[in-house]
Amino acid sequence: MAWLPAPAAAQNRPGASITQMRLEQSEDGVYLSAGVQFELPSLVEEVLDKGIAIYFVAEAEMYQERWYWTDRKVAQVTRHMRLAYQPLTRRWRLNVSPVPITGAAGFGISLNQNFDSLGDALEAIKRIGRLRMGDAAEIGDDTQHQVMFRFRLDTSQLPRPFQIGVVGQADWNISAERTARLTLEKQQ
């Protein structure tokens, strides 16, 4: 049994990728926007359909290049997203927060959106818009910055029985990382 190949659906499923990254400066700060592309595996969809929430994390770090030493980190930001199906209303709920969303601590300060379909909710997750990296004074005057962006499905926030069952299953591995030198676009 151990020598049998994996199912064809799992072999043909492409991984997550970061399709775009854009850095822009406005009056109130410097923002990063990114686009992520991934397909939700059927196993994860089944868990969602049962009313169990899944969590995504988007992280960005900005570095100032230095010729005499290692690059200096000038900004870091994290966005946590919780996606859950509401069986009574038959709607999908997306919570977005700068801090981890845990059941014990409540939702704290978070943006909540409702969607009629899973596809609409996933499109909102795939568009990471306006992550505030910091004030322009903190970032510096450089026109180009080295930015590392990471996106992943956070399995550590799943209920304990699912965390144990996730180990070694490729369907639960949704992650992408990209480092790029981005030009700071100034908004008017």
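Predicted model: local features only at pLDDT ≥ 70, side-chain atom pairs only at ≥ 80, totals over all residues.
Student: Okay, and where does Gln 157 sit in the chain?
Tutor: You'll find Gln 157 in the loop between strand S8 and helix H5, which covers residues 160-166.

Student: Which side chain does the side chain of Gln 157 make a polar contact with?
Tutor: That would be the side chain of Asp 154, at 3.2 Å.

Student: Let's zoom out. How many helices and strands are there in the chain?
Tutor: The chain has five helices and nine strands. In sequence order the pattern reads α-β-β-α-β-β-β-β-α-β-α-β-α-β.

Student: In what order do the strands line up in the sheet?
Tutor: The order is S6-S5-S4-S3-S8-S9-S1-S2-S7, in an open sheet of nine strands with mixed pairing. Strand S6 (111-115) and strand S7 (127-134) are at the edges; each has a single partner strand, so one side of each lacks a neighbour in the sheet.

Student: And how much are neighbouring strands turned against each other?
Tutor: By 20° on average, with direction ignored.

Student: Tell me about S3 and S4. In which sense do they pair, parallel or antiparallel?
Tutor: Antiparallel, over eleven bridges between S3 (residues 54-64) and S4 (residues 72-86). For individual pairs, Ile 54 has Leu 83 of S4 as its bridge partner, and Tyr 55 has Arg 82 of S4.

Student: What does Leu 83 stand opposite in S5?
Tutor: Leu 94. S4 and S5 pair in the antiparallel sense too, over seven bridges.

Student: How many residues lie between S4 and S5 in their hairpin?
Tutor: Four residues, and Arg 90 in that turn has a positive phi of about 55°.

Student: Switching to helices: which strands does H2 touch?
Tutor: Helix H2 (residues 42-49) packs on the sheet and touches S3, S4 and strand S5 (91-97). The direction of H2 makes about 60° with that of S4.

Student: And what about H3, which strands does that helix touch?
Tutor: Helix H3 (residues 118-126) touches strand S2 (29-37), S3, S4, S5, S6, S7 and strand S8 (144-153) as it packs on the sheet. Its direction is at about 30° to that of S7.

Student: What share of the whole chain counts as buried?
Tutor: 42% of the 188 residues. The accessible surface of the chain is about 11,200 Å², and 51% of that belongs to carbon and sulfur atoms.

Student: One last topic before I use the coordinates: where is confidence lowest, and where is it highest?
Tutor: Lowest in helix H1 (residues 8-12), with a mean of 39, and highest in H3, at 95. Over residues 1-13 the pLDDT is below 50, and this stretch has six contacts in the model beyond near neighbours in sequence.

Definitions and conventions
Residues numbered from 1 in each chain as written. Heavy atoms only, no water. Pairing = 2+ DSSP bridges. Helix = DSSP H or I, 4+ residues; strand = E, 2+ residues; numbered from the N terminus. Axes fitted to C-alpha atoms, helices over the stretch in contact; angles between N-to-C directions. Contact = heavy atoms within 4.5 Å. Polar contact = N/O pair within 3.5 Å; in protein donor to acceptor, adjacent residues only side chain to side chain. Buried < 20%, exposed > 50% of the residue type's maximum accessible area, 1.4 Å probe, protein only. Areas by Shrake-Rupley, 256 points an atom, 1.4 Å probe, with all protein chains shown as cover. pLDDT = per-residue confidence, 0-100.
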